[in-house]
Number of protein chains: 4
Amino acid sequence: MTQKYGAGIWHFATYVDRYATDGYGPPRTLVEMIDLAGQVDDLSVVDINYPFPGGGVSADEVEVALKRNGLSVIGITPEIYTREFAKGAFTNPDAGVRRRANELVTEAADVVRRFGADYVKLWPGQDGWDYPFQVDHGVLWKHSIDGVGELAAANPDLKFVIEYKPREPRVHMSYDSVARTLLGIEKIGLPNVGILLDFGHSLYGGESPADAAQLAIDHGRLFGMDVNDNMRGWDDDLMAGSVHPIELFEFFYTLRRNGWEGVWQLDQFPFREDSIATANGAISFLKGIERALDKLDVEAMRAAQARHDAVEALRLAREALFTSF
Amino acid sequence: MTQKYGAGIWHFATYVDRYATDGYGPPRTLVEMIDLAGQVDDLSVVDINYPFPGGGVSADEVEVALKRNGLSVIGITPEIYTREFAKGAFTNPDAGVRRRANELVTEAADVVRRFGADYVKLWPGQDGWDYPFQVDHGVLWKHSIDGVGELAAANPDLKFVIEYKPREPRVHMSYDSVARTLLGIEKIGLPNVGILLDFGHSLYGGESPADAAQLAIDHGRLFGMDVNDNMRGWDDDLMAGSVHPIELFEFFYTLRRNGWEGVWQLDQFPFREDSIATANGAISFLKGIERALDKLDVEAMRAAQARHDAVEALRLAREALFTSF
Amino acid sequence: MTQKYGAGIWHFATYVDRYATDGYGPPRTLVEMIDLAGQVDDLSVVDINYPFPGGGVSADEVEVALKRNGLSVIGITPEIYTREFAKGAFTNPDAGVRRRANELVTEAADVVRRFGADYVKLWPGQDGWDYPFQVDHGVLWKHSIDGVGELAAANPDLKFVIEYKPREPRVHMSYDSVARTLLGIEKIGLPNVGILLDFGHSLYGGESPADAAQLAIDHGRLFGMDVNDNMRGWDDDLMAGSVHPIELFEFFYTLRRNGWEGVWQLDQFPFREDSIATANGAISFLKGIERALDKLDVEAMRAAQARHDAVEALRLAREALFTSF
Amino acid sequence: MTQKYGAGIWHFATYVDRYATDGYGPPRTLVEMIDLAGQVDDLSVVDINYPFPGGGVSADEVEVALKRNGLSVIGITPEIYTREFAKGAFTNPDAGVRRRANELVTEAADVVRRFGADYVKLWPGQDGWDYPFQVDHGVLWKHSIDGVGELAAANPDLKFVIEYKPREPRVHMSYDSVARTLLGIEKIGLPNVGILLDFGHSLYGGESPADAAQLAIDHGRLFGMDVNDNMRGWDDDLMAGSVHPIELFEFFYTLRRNGWEGVWQLDQFPFREDSIATANGAISFLKGIERALDKLDVEAMRAAQARHDAVEALRLAREALFTSF
């Protein structure tokens, strides 16, 4: 099997933040982003925001652009984190806004069907709190669960994936960790809700991404994943492998050991870098990881892990990883 | 109802660490610790390590010392984190050590019965990992769950509480957060396993302790709690209220809102401070919190929280807290 | 003396971030921001970005708006962190951009003179790096120092204040801490370069803000300061006093002990809150701190600190702070 | 030139912490530690604590053991962090204890002379504070500087190196960062005081170790260094290269670029691992780094850094590092 690679289409956008309010580059249309994605050496699928970024483009036009670039759609990410949802989508104090979030995701579900994509991706970045005493935590969590549960129940033909994250833009997000998200998913109790595990979110949340992946797999809920890197204190969305190559290798080792065979996606934000070069840089490293996984002495690794022998386990990991480039 | 206060008996010990290997003070016997605890202004219960620290003391002698000081036992903490268990108690790679952990906790269960205490406290500080690739995460988590489950099944007359913690002494502990621990407890599926929520562990794990308490309560698993403070990066076990008084107040507000009526315990490590003064300092602050809870305009708080109005909620909190001393 | 209060004018702006690209509210003109600032109960001075936010407004119009609201200008903050400077202002790899940064700050210096303000504020948020191996650290630091030094030498009639910050938007900023900034200032060797100490930057950089203030004062370089709050992991710019009231009190205690008598400024970002209410909430807390400073038993505090007696020092601090509201 | 390797002799000790009070293994004598160090494949020098750990051994006996193992002494580390110094060595509130610290370091200076070692290593781990309001920061810092300055002035024939660290065992250490330490050293103003840069301390203090090294070198103060690894939140003292190989490579690249030619030392704490295997594992990785440094295309790297081109710089770094094993 050839490993498939994917990326969030925002990898090829330009960005604003609270300081560079004029953006790190001129705005790009969705079609321009797709044409950039098409120039990456080995990219098969993309995850696309909805409403389509920039606006003024139809699904048919998007499809043409995708075909032209040999890309298909893996997921649709409804933008439930813009101004309207600044105080929350599923957990907004205003029931009207919560309903509007439901409507937007429902529209996104139709786009998933339209493109034959795998899932609706839910990243409820504004659902949470900033201050002590700001919210009733019991109500907030109930809304977090109910919001996703209603959508999953209403769309049993589709998969919904929750991309948890510790924080940003909220000071604390309600779906903040793998365990909390699994706890919520178990409460929802539907088969079509799972996790999209972002390596960087896991890392800066203090998890071992490999452990998080194993836990999600053991609950039958690892529906997707993406990678990047950071300094363990924030969602820097740096190029995958640039800072923590060994834990990245352990993450993919865990996926392979469990026979998990989904797409390897990128979720990087090249604020100041060339987006094609950054994607190629990451994928080139991931291909090295593929080779290292083929080369790794799995039996010896399992034996070392059975003894909790870190020195030997790391020797084996290095022997494979540092000779595959 | 008069609020009851308690403390881990180690609050009155002296300590060693990897640098001050000669200890921050001369060793104390358990009886000496109990006699110090008895001098704190308002302390009713203690949590005692097992085997009894220092050794050479019988349960009867402990009971005499407790009576002399007007103290009773709330919990027993088996020392499943000493040399023998350096590579884990429930998750040790050696099945013989895992069995020995079970035996030690089983002995501790008898001590709980002997003293009519509330629970066996499990703090599996050596269960986890230090390095990438060191363990098979699926196996490790299974052992974490099975170890506790077997004990709870074998002792249905007793409560077992798990005190989760992100790390230390292991670089990563398997019971690392409220959500992960609840996930494990749900898997165990027995009514007599719950959580002891340490305010500081929650805080430095990136949780909101109030949110963690609410979640544990909503799962019917908040069996105990203790407080202290830290700088959000490590388990400093500082005096409660010394750094984060507002989140401490929110934590107790959450308990009261839910009608949770257990003991307010201290888990402080006064390495360089007088242990009695540190306990009195903390309890004196907690009594201020009690008064503030009585004074707080709960209806206005609930209204502010229903709007997610942080500025007003904090104004109400301050109005109560900063006028109760 | 009556304590004067100030704020960065951006406190009254609306914000964008990389997710809510449509902003947390409709854009505001500088004049609208000034009119909001004027509604705060007790605000005397503001720090204004240059070029004036929104554009299309003259210095005379700004002056009219300020007068109308009883405000004067304490500092001017040139925007050396927008798109043009995305790879750095003083440290940009392109000498032409470094020159453009110099020109922009030089223009800002004239605006300082025009308004009779106290200082040019330098916040070089894009000066630093994101990745390992990205820069030659010796060159980068030299550029950081030279860029400020040239401006200070060319404008000896004005003060330049550097607002250091650990990170954001760069993954690592070159002026990242009080000590590093003082080291650079000593190297520059001019009397008109100092520090603007942001309480929150210090806190999330792992400093004690009180210690940072003392160090800057002891070097004769504390030229300004502002306050806010956060969770110690990021520059959340929350309402001052909302999370860390005790360290905030210690910070102001240190200023008073040293006879430092500047303006108490706010640097808050009320993304989702009413900006006037957030400013009033903070200032109301700071006025409580003023009262607490008057009430504090300074002799007893000095005696406790001479013994490093934390329990007693905190008792004294609480006795003053928690009874001043 | 053949690269020399060294280690703190405590690498070969066993450890206690506040939980495993019976230690992670049976105590070892200094001679036993030296005999273990001698079994490491390529170790030339050691840093030895003073008083000699375990006691009851003379300098002559130590010398015999060292010779037997082909080892010499690079530095002596006086134990200014044991019980007596729990509230500080140089900054202790008790002048008598401060004097005793001076005496102990003075004795250690004689041991340096006795062994022809390079330096007295000062690691003032108990000098700092735990709580807000605990200390007068101006006094504390003055004592930190004076304590070192007096020793350096009294022993002009010897070098004194300060090993800074953000925290542990104190919640905050006074010599907490490279910049703070350099600021203090400049204040002391003597040529024989420098920095021993611990890679892990720098990393978990939020520094870039490569940048810290460059800064110390540019001030002419990088007198020594050691390496290990951690999770960026604590001084885990893990095996070098196990988590952050790329930043470790950048660190050594910076040393070579500056022609810094000292010993590459280990400061690891193998709590649960075999100490010889852990040392060999680290040195084997460091030898790979040596080869990678020989292979790296330095001109291309400098050109990429001149453009701040992270993608290309990292490609070059990987091309060298991931092919040298």
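Tutor: Start with a network: R18(A), K165(C), E168(C), D235(C) and D237(C) are linked by salt bridges. A salt bridge here is a side-chain nitrogen of Lys or Arg within 4 Å of a carboxyl oxygen of Asp or Glu. Side chains of opposite charge can pair when their charged atoms come close.

The model is predicted, so local features need pLDDT of at least 70 and side-chain atom pairs count only at pLDDT 80 or more, while totals for chains, interfaces and linings use all residues. Residues are numbered from 1 along each chain as its sequence is written, chains are lettered from A and ligands numbered from 1 in the order in which they are written, and side-chain values use heavy atoms, leaving out hydrogens and water.

Now look at the interface around that network. Between chain A and chain C there are 10 salt bridges. In this pair, 42 residues of chain A are in contact with 42 residues of chain C, where contact means heavy atoms within 4.5 Å. The two chains bury about 3,800 Å² between them. Buried area is the accessible area (1.4 Å probe) that two parts lose on being put together, summed over both. Carbon and sulfur atoms give 56% of that area. R18(A) returns here: with Y19(A) and R272(A), it supplies 23% of the area that chain A buries against chain C, more than any other three residues.

Over all chains, the count comes to 112. In chain B, D157(B) bridges to R113(B), with 2.7 Å between the closest N and O atoms. D157(B) sits in the loop between α4 (137-154) and β6 (159-162) of chain B, and R113(B) in helix α3 (residues 95-115) of chain B, so this pair ties together parts that are 44 residues apart in sequence. Helices (H or I, at least four residues) and strands (E, at least two) are DSSP runs, numbered from the N terminus. D157(B) is exposed, at 52% relative accessible area. R113(B) is partly exposed, at 32%. The cut-offs are these: buried is under 20% relative accessible area, exposed is over 50%, and partly exposed is in between (1.4 Å probe, protein chains only).

A second pair in chain B is E186(B) with R221(B), whose closest N and O atoms are 3.7 Å apart. E186(B) lies in helix α5 (residues 178-188) of chain B and R221(B) in the loop between α7 (209-218) and β9 (222-227) of chain B, so the bridge ties together parts that are 35 residues apart in sequence. E186(B) is partly exposed, at 39%. R221(B) is buried, at 10%.

Chain C gives a pair within one helix. K142(C) and D146(C) meet in a salt bridge of 2.5 Å, N to O. They are 4 residues apart in helix α4 (residues 137-154) of chain C, which means about one helical turn separates them. D146(C) is partly exposed, at 27%.

Finally, turn to the strands of chain A. A closed barrel of 8 strands runs β1-β2-β3-β4-β6-β8-β9-β10 (chain A), with parallel pairing. Two strands pair if DSSP finds at least two bridges between them. Strands β8 (residues 193-198) and β9 (residues 222-227) of chain A pair in the parallel sense over 4 bridges. L197(A) has M225(A) as its bridge partner in β9(A).
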